[in-house]
Amino acid sequence: MALSQGWVKRYFKAFCKGFFVAVPVAVTFLDQVACVARVEGASMQPSLNPGGSQSSDVVLLNHWKVRNFEVQRGDIVSLVYAVVTITILQSLL
């Protein structure tokens, strides 16, 4: 019985160490570098979501290009409307 308790204690300790390292790294990455968003609806067709309302696409939003003002014509940008907490994706013409 003592052997099984030692294994559980080591497993829990290793899990906690990994958790407390992985969570801050993941939060910093998603806040500073890039995040993932899902595109639904027909507003971005035919570039994104060609199947219409039956399917959805997943895009990676690059935070560094916006911070360095490297946005160009044809890029897709994401706007967050904080009052209703919705995200809008638009293509720059």
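Predicted model: local features only at pLDDT ≥ 70, side-chain atom pairs only at ≥ 80, totals over all residues.
Residues are numbered from 1 along each chain as its sequence is written, and side-chain values use heavy atoms, leaving out hydrogens and water.

**Exercise 1.** Work out in what order the elements of the protein chain run.

Start by counting: there are two helices and four strands (DSSP runs, H or I of at least four residues for helices, E of at least two for strands, numbered from the N terminus). Then read from the N terminus on, and you get α-β-β-α-β-β.

**Exercise 2.** Find which residues make up the largest nonpolar core.

Look for buried Ala, Val, Leu, Ile, Met, Phe, Trp, Tyr and Cys residues joined through side-chain atoms within 4.5 Å; buried means under 20% relative accessible area, exposed over 50%, partly exposed in between, with a 1.4 Å probe and protein chains only. That gives seven residues: C35, A37, V39, M44, L48, V59 and L61. Next, sort them by strand: β1 (34-39) and β2 (57-62) each supply at least two, and β1 gives the most, with three. Finally, zoom in on L48, which touches V39, D57, V59 and I76, skipping residues up to four places away in sequence (contact: heavy atoms within 4.5 Å).

**Exercise 3.** Is F19 buried, partly exposed or exposed?

Now check its relative accessibility, which is 41%, so F19 counts as partly exposed.
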